[in-house]
Structure formats: structure tokens, C-alpha cells
Amino acid sequence: MKRTLAFAASLLLLGACSSDGYTIRGKIAGLDNPYVYLLRYTGEVEVIDSAKVTKGDFVFKGKAEQPEVVYLSTDKQQPFVHFFLENGRISVDGALSAPADIAVLGTPSNDIQRAFDEKIAALEEEFAKTGNDVQRDSLRKEYSKLMSDAVEMNRDNIYGVTTFLNNAYAFLSPEEVMEQIALFPAEWQQRRELTELREATERKLRVSAGHPYIDIAAKNADGGEVSLKSVVENRRNKYVLLDFWASWCGPCMAEIPFLKADYEKYGKKGFEIYAVSFDSQRDRWIDAVRQQGMKWIQVSDLSGFQTPAAEAYAVLSIPSNFLIRCSDGQIVATQLRGEALGEKLGELLGD
């Protein structure tokens, strides 16, 4: 049974975890694979452990040297859920057919994350229902405040660090990200999560608005290599949106209706999209493109976040995008989400 937590708990400091190790008990409907794998991603996939599956049930036991984000997978590659691995008793309940609804509970970080997710889901549902621009702006501000409060109250633990990592670029400029990193305790600043973010932010400053774009290349669905340069230098194009996405990314899929509308409206005026997918499975990538009717340029090297394109543009989370002016190759705007892209194109290309 899905447990509902009071969101107020998500703004409390995390309590101590057990020092006796962890026990992960899973019950996943539809999980008929013989084994399930516990993974971590540190530049490449690492299998931490495996567990035998019996009628959808499985158990992992071990000891976490330090809290970290981990994943469960049936194929050692594609995860179906992620959570915080910390010492204590962790339950993973849900259905393989609805991975977004899988509940991970039992330790402080996971309980707080679940409560936070429920509050955010309520805001997103309210946002989807309202057509009032004033109310939508108010909801965006509320969303941003919830994020910043959660980070501020949890700078000394994995939940606070991860929440900051997942939302830093959505609400902050690269300069502000650097300022915020400096506010974390010294020991957390030395951990991989924040050292990588600092390095990525330094790279991101080099691809912020006002800087020249960096050329990248990857293969399209037919196996032909397509470079970003070939699109930017195409005389028919005036502006190119470099868009990073993946079929498994919910927020990315939510952006597609906006991209389709903008492409339909401004495509004939010189607007093109160069989309880089972070999918690792070709069929899922191709099926998503076809089913969603995404008619713009699509490329992928099927290596997830481990693609040179992600490193070049310091992409740590998706969706992420960069609008490039073709006349001089300058990046004119970044992270244009929802209606913001159409508004910017209307300003540049005229309605």
C-alpha cells in the first residue's frame, strides 16, 4: 500500500541512519526476471550486487560506506527506479509497468524524497489544470521556493546535495550555481557529486549565452553522422535549438508538445532543432520519435549521459537546450522551457 507522508517532514533535518548496514526488501509486480541488479553510475555502470527474484520479491543486504544514489535494473543497464542507498531498512514497492509510482521508503533520505515528490506532483497537477498565467507564475515561484528550502535545510546530507544537483540549472545561472556550491560543508564539497558539478559548471560558463557554440556530431536513425555545424551553417537556418532529451525522461516528453508547436510555427522562418537523445536503447529512441511525431533532426550515439556531446555542453540533467544564432554561431539563450522558447522565437523571428 502506498504510504502518504506529511510534506512538512521534508523540511526537517535528516535523522541518523543505522550503522548496522542496509536491508532492501523489494516487491515489484510484473518483475518476472530471475535476477534484479543494484547499480551505481560513476561515469560508467557498476553492478554493486544482484538478488534473486521470487514472484516479484527480492532482498539486498550490505553496508553503505557513505550515502549515495543507486538504481535497480533487470538488465544491468536500464534502471526502473532510483533511490538513496543508506544504512537502514529500505522498502521498494510498486509495479514494473508504472515505475514513476514505485515507492521507496524506510530511511530518512528516501522518506523525505517521497514526501517532496508528492508535494511537487500536486503542484504539477495544479499547474496542468490552470490556464491562468498569473496563477501559473505563482506556482512556478512556489516550486522554486520548495526546491531552495529543501536544499537549504539539508546541505549536510545526500538528499540536499542530490536535490541541488537535480535542480541547480533549472533555477540558477552558472554563476549562482558556483556560489551555492561554496555554501555546502567542506566535506561535501570534496565529494564526487559536487566536484563534478563544479567542473561541469565551469564548462557550462563556456557555453552560456553570449559564447560561441561548440560543434558536436552523432549518428541519425539511418546511421549517418550529422554534425551540429552542418545545421548551423545551413543557409536556410537562422536559429538552431540544440536540444538534449531521452524517451525515458518524463520532463523531456512533457516538452515535446511545445517543441512541435514552435517547429510548426517557426520552421519555415528559419528555425531548426538538432536533438541529441540520451537513450541507450535504439528501439526506444526510434519509437518515441515516431510516436510523438518529432520531425526535426534526431541523433544519438546510444550511450546515455556518457556522450561527448553531454560533456561539451556540461549537461548533467535533461531536458536541456541551447538556442544558437546561425549568422555568427553565438548562443543567444539557454534552458528555454515550455512557452519560453516560443516567446523567444517570436521576438527573434516575428509572430
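Q: Over which residues does pLDDT stay under 50?
A: This is a predicted model, and its pLDDT stays under 50 over residues 1-16. For that stretch the model has 36 contacts beyond four places in sequence.

Q: And what is the mean pLDDT of the protein?
A: The mean is 90, and 94% of the residues reach 70 or more.

Q: Which elements have the lowest and the highest mean pLDDT?
A: Helix α3 has the lowest, at 88. Strand β4, which covers residues 57-62, has the highest, at 98.

Q: Turning to salt bridges, how many are found in the whole structure?
A: The search finds 14.

Q: With which residue does Glu46 form one?
A: Its partner is Arg40, and the closest N and O atoms of the pair are 2.8 Å apart. Arg40, Glu46 and Glu68 are linked in a network of salt bridges.

Q: Is Arg40 buried or exposed?
A: Arg40 is buried, because its relative accessible area of 19% falls under the 20% limit. Glu46 has a relative accessible area of 34% and is partly exposed.

Q: What about Lys129, which residue does it pair with?
A: Lys129 forms a salt bridge with Glu125, with 3.3 Å between the closest N and O atoms. Both belong to helix α1 (residues 108-129); they are 4 residues apart, so about one helical turn separates them.

Q: Where do Glu255 and Arg337 lie?
A: Glu255 lies in helix α8 (residues 250-266), and Arg337 in the loop between β15 (330-334) and α11 (339-349). Glu255 forms a salt bridge with Arg337, the closest N and O atoms being 3.6 Å apart. The pair therefore ties together parts that are 82 residues apart in sequence. Glu255 counts as buried at 12% relative accessibility, and Arg337 as partly exposed at 33%.

Q: New topic: what volume does the second largest pocket have?
A: Its volume is about 190 Å³. Of the 13 residues that line this pocket, the closest to its centre are Met147, Ser148, Val151, Phe164 and Leu172.

Q: How many lining residues fall in each class?
A: The lining of the second largest pocket has 6 nonpolar, 5 polar and 2 charged residues.

Note on methods:
Residues are numbered from 1 along each chain as its sequence is written. This is a predicted model: local features need pLDDT of at least 70, side-chain atom pairs count only at pLDDT 80 or more; totals for chains, interfaces and linings use all residues. Side-chain values use heavy atoms; hydrogens and water are left out. On a 1 Å grid over the protein atoms alone, a cavity is a set of points where a 1.4 Å probe fits but cannot get out, and a pocket is an open set with protein on both sides within 12 Å along at least five of seven lines; lining residues have an atom within 4 Å of a point. Grid points are joined across faces, edges and corners, and a volume is the space filled by probe spheres set on the points. Ala, Val, Leu, Ile, Met, Phe, Trp, Tyr, Cys and Pro count as nonpolar, Asp, Glu, Lys and Arg as charged, and the others, Gly among them, as polar. pLDDT is the predictor's confidence in each residue, from 0 to 100. Helices (H or I, at least four residues) and strands (E, at least two) are DSSP runs, numbered from the N terminus. Contact means heavy atoms within 4.5 Å. A salt bridge is a side-chain nitrogen of Lys or Arg within 4 Å of a carboxyl oxygen of Asp or Glu. Buried means under 20% relative accessible area, exposed over 50%, partly exposed in between (1.4 Å probe, protein chains only).
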